[in-house]
Amino acid sequence: LFSACPLEEVYIGRPLDYSYAPLSEVKTLRTATVGEAVRILPEGIFAECSALEQVSLPETLEEIPRFAFRKCGSLPSIYIPASVRKIGDAAFAQCSKL
């Protein structure tokens, strides 16, 4: 959806109705913040965002789906809230700095 946009920062304040990867392959994205209204991230939401360095997840998040952060090679750490009950397959695959 946004792969050709030169986004560096994104705030997701409400649930997204996309079934797969709305922000995947945004090579310029460095910072992502997810608001408290979001309970489940879309599958592959940040997949292949190779410049992603910082992610803030809310204490209300319940699910990190498969491929959510796949190939986010610049992501050095991530705080997963206690509210998360499910982490999908390969959610953090090929995140070499984690």
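Two aromatic pairs are found when the whole structure is searched, where rings of Phe, Tyr and Trp (its six-membered ring) pair if their centres lie within 6.5 Å. Phe46 and Phe69 have ring centres 5.4 Å apart and planes at 25°, so this pair is stacked; planes under 30 degrees apart count as stacked, over 60 as edge-to-face and the rest as tilted. The pair links distant parts of the chain, 23 residues apart: Phe46 lies in the loop between strand 2 (31-34) and strand 3 (54-56), and Phe69 in the loop between strand 4 (63-64) and strand 5 (86-87). Strands here are DSSP runs (E, at least two residues), numbered from the N terminus.

This is a predicted model, in which local features need pLDDT of at least 70 and side-chain atom pairs count only at pLDDT 80 or more, while totals for chains, interfaces and linings use all residues. Residues are numbered from 1 along each chain as its sequence is written, and side-chain values use heavy atoms, with hydrogens and water left out.

Phe46 is buried, at a relative accessible area of 0%, and Phe69 is likewise buried, at 0%; buried means under 20% relative accessible area, exposed over 50%, and partly exposed in between (1.4 Å probe, protein chains only). Phe69 also forms a stacked aromatic pair with Phe92, with 5.3 Å centre to centre and 0° between the planes. Here too, distant parts of the chain are linked, since Phe92 belongs to the segment after strand 5. Phe92 is partly exposed, at 23% relative accessibility. Phe46, Phe69 and Phe92 form one aromatic cluster.

Conventions: Helices (H or I, at least four residues) and strands (E, at least two) are DSSP runs, numbered from the N terminus.
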